[in-house]
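Some notes for a colleague on the secondary-structure packing follow. The sequence and structure come before the points.

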Amino acid sequence: MMNYAPDPPRASIPTANPATPAIHATALTVTRGPRTVLRHLDFTVPRGQITGLLGPSGCGKSTLMRSIVGTQAKVTGTLEVLGRPAGHPALRTRIGYVTQAPSVYDDLTVRQNLDYFAAILDPGRAADRRHADVTRAIADVDLTSHADALAGNLSGGQRNRVSLAVALLGTPELLVLDEPTVGLDPVLRRDLWNLFHDIADRRGATLLVSSHVMDEAERCHRLLLMREGEILADDTPDALRTRTGTDTVEEAFLHLVDEAVAAGRAQDAKETAR
């Protein structure tokens, strides 16, 4: 089990507030065939914090994350990541990305997987330093006792943690995590969130974590709430609860959804009346 102190019920926002945000988007749009997946998004992700990207399945969270790491096609608008255009070659070693499906080789052990990816990320790094990076990343995700196990023999949750360990190689400035806790038991979910806070609070990294589980929103410093390719809100959990007069982020999200639906119906009625 990862040895971190229990996390507080509400996340405390770090005091650091660098001028340049980790991510800045203006009129960000993604189309796929005739469908517009992301619709003119404007948002900012501050450095050194955990920003939660929350919304139901199919709302565009994964598409947005692929856009940020530079693997999404047909992206228009402005999208800057760590001061560079998204997808810039200089960002490759500064960003860690964990997809929903574990990105590991089943016929390699945990350590062999990390050795392989470490060599790709920084082929000129000295062997002893690369070994130290691999050992640290394995320990971070609590897989030291499974370091010599084949990835194909691990449980689904353990394979997810191997992917997270790969993303932690080289201590990236920005971690983009696409539903990293899906399918995990409550204890492991808690421990991973404690790790996420350690990465942000002690190491100064920025984390963008997607989820469709609303109780995880309470663990984030800031939230982007999405629905149908649009951002309904970009604020702190406390501010969202205050703004909507609700007790939980889930209630706040449902309140904002109801507002959006009502506004859409009013607009439709207005256009029909013309």
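**Helix packing and the sheet**

1. In this predicted model, helices α2 and α4 are roughly parallel to each other, because their axes cross at roughly 30 degrees and angles under 35 degrees count as roughly parallel. The axes come within 9 Å, with α4 spanning residues 156-168. The crossing of the two is right-handed.

2. The contact between α2 and α4 is made by V110, N113, L114, F117 and L121 on the α2 side and by V162, A165 and V166 on the α4 side. By class, this contact has seven nonpolar residues, one polar residue and no charged residues.

3. Helix α2 (residues 110-121) also packs on helix α3 (residues 127-140), at an angle of about 130 degrees and with the axes 10 Å apart. That angle makes α2 oblique to α3. The crossing is right-handed.

4. Which residues bring α2 and α3 together? From α2 they are V110, R111, L114, D115, A118 and A119, and these meet R130, H131, V134, T135, A137 and I138 of α3. Sorted by class, the contact has seven nonpolar, two polar and three charged residues.

5. The strands β2-β1-β4-β5, in that order, form an open sheet of four with antiparallel pairing. β2 (35-45) and β5 (84-85) are the edge strands; each has a single partner, so one side of each is left without a neighbour in the sheet.

6. Strand β1 (residues 23-32) runs antiparallel to β2 and is joined to β2 by seven bridges. Across this pairing, V30 stands opposite L38 in β2.

Technical notes: Residues are numbered from 1 along each chain as its sequence is written. This is a predicted model: local features need pLDDT of at least 70, side-chain atom pairs count only at pLDDT 80 or more; totals for chains, interfaces and linings use all residues. Side-chain values use heavy atoms; hydrogens and water are left out. Two strands pair if DSSP finds at least two bridges between them. Axes are lines fitted to C-alpha atoms, for helices over the stretch in contact, and angles run from 0 to 180 degrees between N-to-C directions. Angles under 35 degrees count as roughly parallel, over 145 as roughly antiparallel, 65 to 115 as roughly perpendicular and the rest as oblique. A crossing is left-handed if the near helix is turned anticlockwise from the far one by less than a right angle, and right-handed if clockwise. Contact means heavy atoms within 4.5 Å. Ala, Val, Leu, Ile, Met, Phe, Trp, Tyr, Cys and Pro count as nonpolar, Asp, Glu, Lys and Arg as charged, and the others, Gly among them, as polar.
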